[in-house]
Amino acid sequence: MKLVIVESPAKAKTIGKFLGKDYRVTASFGHIRDLPSSADEIPASVKSKPWARLGVDVENDFAPVYVVQSNSKKRIAELRKLLKEAESVILATDEDREGESISWHLLETLKPKVPVERIVFHEITREAIDAAIAAPRGVDEQLVRAQESRRILDRLYGYSLSPVLWRKVRSRLSAGRVQSVAVRLVVEREEQRRAFHRAEYWKVDAALKAEDLPFNATLVSVDGRNLAAGKDFDAGTGRLKAGSEAYWLDGEAGRRITRELEQGLPWEVVNVESKDTRQRPQAPFITSTLQQAANGLLGFSASHTMRVAQRLYEGVGLGGGEREGLITYMRTDSVVLSDHALDESEKYIRETFGDAYHEGPRRYTTKSKLAQEAHEAIRPTSFFRTAEDLAPFLGPDELKLYRLIWNRAVASQMPDARLKKSTVDFAAHTGEGRAVLRANGSVVTFPGFLRVADSRQEDTVLPDLRVGMRIISPEKAAAQTAPAILLESLTPTKHETQHPARYTEATLVRRLEEDGVGRPATYASIISIIQNRGYVEKRGNALVPTFVGIAVTQLLREHFAEYVDPRFTARMEEALDGIARGEQEWIQFLRAFYRGQGDFGPGLETSIEAELPKIEYPAIPVGNDPESGAPIVVRIGRAFPFLQRGEGGEGNTATVPADITFEELTVEKALELIASDVKGNEALGEDPETGEKVYCFLGPYGPYVQLGEKTKENKKPKRASLPKGTALSDVTLKMALDYLSLPRTLGEHPETGKEIKTAIGRFGPYVVCDGDFRSLDKTDSVFTIDLKRALELLAQPKGRRGSTKKVLRSLGKEAGTEAEIQLYDGRYGPYVSNGSVNASLPKSADPDTFTLEQALELLANAPKAKKKRPARKKAAAKKTAARKKAVTRKKPATD
């Protein structure tokens, strides 16, 4: 038996279908070894070393200390058991550096005594697997060294700089070689938005008609000067850029020019141009462009795109027992298509669209010199397998992404679209000189690749216009004998320059790629990390930095600027690629980075030692108080960011609400928050029952009321949240006391004697009795509901919010059984069950697209539930035993 090892069970299942009974295909479930992730994982033999926390021996050529991950130990034992029966081992992990590294770690850990081969493939199809089996190789040590160097480099960077953030900003923060650059880009875009000054400019639009065909024209110049547009303004001042000769039309001038243009009729056609142009198709997808397109067109996050692509790559069931990968490997930076793909795409295009739609193979060149040309672009494994063919077998998101990939790959091999573009200029006279209005038209004369592209070219048709024709008002049309153009309306329109757009996941990936920061396999994880760690948050589709992210960037930029410079990070990427090509010695590279040498300056270790004493507690500047001149800053507290005016102290601080961004935190807003906090220190009144003062404050998550003051003796005074949006000025003593009275005890349940209470929770107002919750109806009030009404609600069947689990959908039945596989939304997240075995979905899984096959795979690998005897309290058990003993003693004698 030949043992084939891949990363995932889904991939193993697909490949297993292609190989015969002489092969056993199994999964490693990803990486099995890594550097220690916690102090508990550090081997005892190195715990006393000064570098032990790093997991890298910086005193001995940066030798890594690898440990088997706790969740991989069982899997390794299973692989070793299979290895005893194997005559050879075939390592079939992914073709990139990470896949090569997994194969190397398997080899180092299992230490097989039988022959070992390494195979790679771009797609999981029978032909590709057969070809790979026929052409094995060894593990590529250069790729392994490159990946190992990357891992060590990231550990040295993160584990050296993160403690600086713990000491100077807040505990549990982290720095990362790529993540910190990504956060810096997001922060600097927010700083640009904050410094932005809006400018107003006007345009004049004309609605025209000729030959019963309506069209539009726009004023483009006055007295030979082009009208100012957004690009002509300085974002920092809101004025025209220095040296600009553009004609700035404000509101008054716009209305004046409009009147003069109307009075200056007739206008005249002075120029008509028409030219043929071409629109070229885009190259097939690589990882970054796929993530960008899926985000822009489908609304997918980068991580979701990669999860769905992984499923398409690893293979799905196509009915009749057939299972095959549908796309090529999705982590690639190469736009190259194989000769086989070029031949098949040509055949499909000619058969489907005709010979006119294929003019020979189009070969694309990857712009990045760092791309791995041995890889292939992302494409369908068969061009003859359309999205419509796969609709019965794919989930909604899988189908959308497959269609996107198929369309892009097919379009890349089709001819250019041919267009005819027209420009018509109209001259008019104004008090400031000659004015020119322009109409633009565009007509597709041959669609070419647009037949399948995701973008569509809309025609803008202009009538047949000639130089010398006149534009007149509709009132004079009746008296006109020559062909004329009618002016139906003339409208001045206001425009404003726009803030620099915040990054989206797609545009941030594009920027990282343009700067040479990171690699295809890292983009999705980096985007997730900066959000999960609280440096960036999503507002709609935009990425917005948090104040913690801004403080971290401020510190790193001021004291370790080189290490968060995209150019420096790109140079490190180039060096890592040099190691993969055998052009860079890996230990020398790590030594230069950590100890200092050449382009890497003094080295990270020396830089931290030099800068650490200089670092002060970060303060994010907001502005100055216009009255006192005192600086207003944001500081990072243990739990939340807060405002500080001057030296702080009573009346000069305020918590920053969680929903306010740095761009929105103006000086005026900051002073308003500080004033609200001061007002909160003024009691609303006294609680008549306790005599304690009642206060109202604005916290990070909104307004709340508090009973009594916070003192050493009363560290946690009673608090109650107010509805979101409540203005502090609207809060009265009665209102505060109402909320502080919660939870209210309504009485006891007549059947159980348990207390019934009412309160406001995460999902709104509710009643509860002995852990049994019911939401209040809209007509109920938490302050007036009585015991009778509460009993009515508790008698109703439990609704969706109160359920501890909820069936999301049925996935189908397991073959050969009647067991229905259900997908649930449980207390601890989504899981699947066949009635006897439960299995939680991985964090990376999407419940909306989770399939029956994936569920069966999870259940097959889930630990079987142990049968438990009913639990009994020890006291009860003793009583029972004593009772039995007593009965035995009292049993009468039979003799």
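Is Cys696 buried or exposed?

Analyst: Cys696 counts as buried because its relative accessibility is 5%. Buried stands for under 20% relative accessible area, exposed for over 50% and partly exposed for the range in between, with a 1.4 Å probe and protein chains only. The model is predicted, so local features need pLDDT of at least 70 and side-chain atom pairs count only at pLDDT 80 or more, while totals for chains, interfaces and linings use all residues. Residues are numbered from 1 along each chain as its sequence is written, and side-chain values use heavy atoms, with hydrogens and water left out.

Cys769 is also buried, at a relative accessible area of 7%. A search of the whole structure finds zero disulfides, a disulfide being a pair of cysteine sulfur atoms within 2.5 Å.

Strand S31 covers residues 764-769 and pairs with S32 in the antiparallel sense over four bridges. Strands here are DSSP runs of E with at least two residues, helices are runs of H or I with at least four, and both are numbered from the N terminus. Two strands pair if DSSP finds at least two bridges between them. Val768 stands opposite Phe773 in S32. Both strands belong to an open, antiparallel sheet of four, in the order S29-S30-S31-S32. Its edge strands, S29 (744-748) and S32 (772-775), each pair on one side only.

Elsewhere, Arg519 is found in the loop between helix H13 (505-514) and helix H14 (523-532). Arg519 counts as buried because its relative accessibility is 10%.

H8 gives the most, with six residues. About 1100 Å³ of space lies in this pocket, and of its 44 lining residues the closest to its centre are Ala283, Ile286, Thr289, Arg408 and Glu513. On a 1 Å grid over the protein atoms alone, a pocket is an open set of points where a 1.4 Å probe fits, with protein on both sides within 12 Å along at least five of seven lines, and lining residues have an atom within 4 Å of a point.

Helix H12 (396-411) has 16 residues and reaches 22 Å from its first C-alpha to its last, close to the 22 Å expected at 1.5 Å a residue. That expected span is 1.5 Å times one less than the number of residues. H12 is mostly covered, with 13 of its 16 residues buried.

Definitions and conventions: Grid points are joined across faces, edges and corners, and a volume is the space filled by probe spheres set on the points.
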